[in-house]
Amino acid sequence: MEKYSQLRDRVSNLNGVQLVEAPAVTDTQILYAHDPGYLIKILSGEISAQEQQEIGFPWSKKMVERSRRSAGATLAAAKAALSEGLAANLAGGTHHAYRDRGSGFCVFNDSAITAKALQKEIHPKLKIAIVDLDVHQGNGTASILQNDESIFTLSIHGENNFPFTKEQSDLDIGLPNGCKDADYLNALNQGFDILNTFKPDFIIYLAGADPHEGDRLGKLSISKDGMRQRDECVFQYGLDRQIPIAFSMAGGYGREIQSTVDIHFQTIQTALRYQQQFS
Ligand SMILES: [Zn+2]
């Protein structure tokens, strides 16, 4: 939790960034991606001890509000990106949430809600790609959107990391433990080659900091410079094709919290450089 306030403080001092309070998603928007029964359970707090344990934190009214705003910030970023080119949620990336259950610190799936909401509220024919570069597979996102051909799910993750039972994204690239910059960036380029055939109109990018070598849970060995090159690769892809990108911070569990905040902050700084080039 601490990383979010530190990141916010650093971003608030950046020139050229406008910080906006995260709006909450409505019940209707949550239902674009979630079961009514699950929403009712979360709203009422009638979730079992085991379900709370799978989510990873206890139920409270605050937890519900935080989850609504975490998803709402990704949707707000997406709508801002339509005119700004690039916009970010300083949290979000809750990709382990399934249609009918939460998991791994994720209650509502912000990426799935946002993709569906853009189609419902902006244009029904928008083709959306979810580029998930958090080190953990976007299992909830893949599951929620598995039969949706208008939304392409790409996940590049550690093959031997949580979740141990993977779901099927439109494209999954599982990396071995200890993977270094060159192989990582190669995998990303391969992913983009395949994404090209889908021709997205919009990208939702999960810029997880947990592939970084300083991460406690990541098991990969990507340098800080490699993380910057990864972000550049994604932003350049969008810039070249004038595809708006909304991005979220997703995971990051540095042995030292500072290294995680540094990686997230680097993503914002990199985005800012690219944002100025979007027309
Ligand atoms: Zn993660």
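Me: How many helices and strands does the protein have?

Reply: This is a predicted model. The protein in it has 10 helices and six strands. Its radius of gyration is 17 Å, close to the 19 Å that the globule rule gives for 279 residues, so the protein is as compact as a globular protein of that length.

Me: What box do the C-alpha atoms fill?

Reply: Along the principal axes, the C-alpha atoms fill a box of roughly 45 × 40 × 40 Å.

Me: And what percentage of the residues count as buried?

Reply: Of the 279 residues, 56% count as buried. The protein exposes about 12,200 Å², and carbon and sulfur atoms supply 48% of that area.

Me: What share of the contacts with a separation of 6 or more comes from residues 24 or more positions apart?

Reply: Such residues account for 73% of those contacts.

Me: Where do Asp134 and Asp210 lie?

Reply: Asp134 is in the loop between strand 2 (128–132) and helix 7 (139–144), while Asp210 is in the loop between strand 5 (202–206) and helix 9 (224–241), so the pair ties together parts that are 76 residues apart in sequence.

Me: Is Asp134 buried or exposed? What about Asp210, buried or exposed?

Reply: Asp134 is buried, with a relative accessible area of 2%. Asp210 is also buried, with a value of 0%.

Me: What is phi of Lys199?

Reply: Phi of Lys199 is near 55°, a positive value in a residue other than glycine. Lys199 is found in the loop between helix 8 (181–196) and strand 5, and is exposed, with a relative accessible area of 60%.

Me: And what phi has Lys219?

Reply: Lys219 has a positive phi of about 70°, although it is not a glycine. Lys219 sits in the loop between strand 5 and helix 9 and counts as partly exposed at 42% relative accessibility.

Me: How many residues has helix 10?

Reply: Helix 10 (residues 257–275) has 19 residues. From first C-alpha to last, helix 10 reaches 27 Å, close to the 27 Å expected at 1.5 Å a residue.

Me: Which residues of helix 10 are buried, and what covers them?

Reply: Among the buried residues are Val261, Ile263, Phe265, Ile268, Leu272 and Tyr274. The cover over the buried residues of helix 10 includes helix 1 (2–12), strand 1 (86–89), helix 9 and strand 6 (245–248).

Me: Last one: which residues is Glu54 in contact with, leaving aside its neighbours within four places in sequence?

Reply: Glu54 is in contact with Arg101, Gly102, Ser103 and Gly104. Glu54 belongs to helix 4 (residues 49–55) and counts as partly exposed at 36% relative accessibility.

Methods: Residues are numbered from 1 along each chain as its sequence is written. This is a predicted model: local features need pLDDT of at least 70, side-chain atom pairs count only at pLDDT 80 or more; totals for chains, interfaces and linings use all residues. Side-chain values use heavy atoms; hydrogens and water are left out. Helices (H or I, at least four residues) and strands (E, at least two) are DSSP runs, numbered from the N terminus. Buried means under 20% relative accessible area, exposed over 50%, partly exposed in between (1.4 Å probe, protein chains only). The radius of gyration is taken over C-alpha atoms; the globule rule is 2.2 Å times the number of residues to the power 0.38. Contact means heavy atoms within 4.5 Å. Accessible areas come from the Shrake-Rupley method with a 1.4 Å probe; for residues, only the protein chains shown count as cover. The expected span of a helix is 1.5 Å times one less than its number of residues.
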